[in-house]
Amino acid sequence: MTRYARITGTGSSLPPRRLSNADMVTLLAARGVETSDDWIVERTGIRARHFVADNVYASDLALQACLQALDAAAVPASEIDLIIVATSTPDMVFPSTAAILQQKLGVAGCPAFDVQAVCSGFIYALTVADAMIRTGGARHALVVGAEVFSRLLDFNDRTTCVLFGDGAGAVVLQASDTPGILATDIHADGKHTSILCVPGHVAGGQILGDPLLKMDGQAVFKLAVGVLEDTARAVLDKAGRTTADIDWLIPHQANIRIMQSTARKLKLPMDKVVVTVDQHGNTSAASIPLALDHAVRLGHIKKGDTLMLEGVGGGFTWGSVLLDF
Ligand code: UT7
């Protein structure tokens, strides 16, 4: 019998500190940096984002999201035999945030590792977990996106600091006789490294280079709208499905205009697109599982719905997963 991987529970977590655009205007004004609610809403669709407190790490947000997902799946943590965390903001250089999360979950022994594909990280992690489950390497996986991007932001750079937020989302992915994940499609093109990066690194007891986020927004925007259409069509082809089969599109939540463009190209109405960027900003690898969990908990996404998940980000990386929920 063919073995598939199926999502059986979702969870998410947001830090309690919520900053509206008005709060960002005040925060930046104190540094002599000018922005406005009108500009942020019109150019991005973002109205608010959440930032962690100084003593909170990606693994803490991941833990809360995982506990919710395990509860929703009615799977005890002791049954988990694979943990993958997608993050670009790990707790430490090493060990992995997944290993730290494993300890916080009170389990030991199963493989736990991070995937670093920036905003496409959750799509990459889900692809790896799907392959491991289908080939018999795991039965109950926790797949997580967790980020504390506030730590990477340059609050003197208005073109980036208003865009990002912190959060985590998680799913329990289980072996199943029925799909589940129908197809996956992931890509990278390293020649675009410089348009979205955090160029600093640790060496000789110091940070060398600039450890703050740099982005050429227009170049990223242009690339994103092209590759998101390509990967959507590729994953549908692999699964033998068409856009008419999609009940919900859950794109990476970076900019409402990118989502509208993808929906338009795929001829999907916006009421089939899950949008949380307005309340969360761009939470990088966490944005897709966060949006998924919110739509599930609101009762919008129901068992049996066909979902397309799509990510794009630094690397440049991009990809998609098509699944029956
Ligand atoms: O998660 C990874 C994927 N990341 C993305 O998908 C991001 C993709 N890019 C974008 O979403 C958009 O390019 C941005 C939202 C980053 C920028 O929007 P844009 O429409 O491309 O604006 P722009 O960079 O062309 O800037 C237009 C103007 C500039 O002023 P001038 O030169 O025309 O006078 C900027 O200085 O808007 C100005 N500006 C701002 N004004 C007020 C840029 N940021 C701000 C700001 N507040 N925060």
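1. How far apart are the mean positions of the positive and negative charges of the protein chain? For the 27 positive and 33 negative charges they lie 3 Å apart, where Lys and Arg count as positive and Asp and Glu as negative, with His and the chain ends not counted, and each charge is placed at NZ of Lys, CZ of Arg, CG of Asp or CD of Glu.

2. This is a predicted model, in which local features need pLDDT of at least 70 and side-chain atom pairs count only at pLDDT 80 or more, while totals for chains, interfaces and linings use all residues. Residues are numbered from 1 along each chain as its sequence is written, and side-chain values use heavy atoms, with hydrogens and water left out.

3. The protein chain holds 10 helices and 15 strands, taken as DSSP runs (helices H or I, at least four residues; strands E, at least two) and numbered from the N terminus. Of its 325 residues, 55% count as buried, meaning under 20% relative accessible area, with exposed over 50% and partly exposed in between (1.4 Å probe, protein chains only).

4. Helix H2 covers residues 37-44, and its buried residues are Ile40, Val41 and Thr44. Seen down the axis of H2, these fall within an arc of 105°, so they line one face of the helix; the arc is that of the directions from the helix axis to the C-beta atoms. On the other side of H2, Asp38 and Glu42 are exposed.

5. The buried residues of H2 pack against helix H1 (21-29), strand S3 (48-51), helix H8 (256-265) and helix H9 (277-280), contact here meaning heavy atoms within 4.5 Å. Just after H2, Gly45 takes a positive phi of about 85°.
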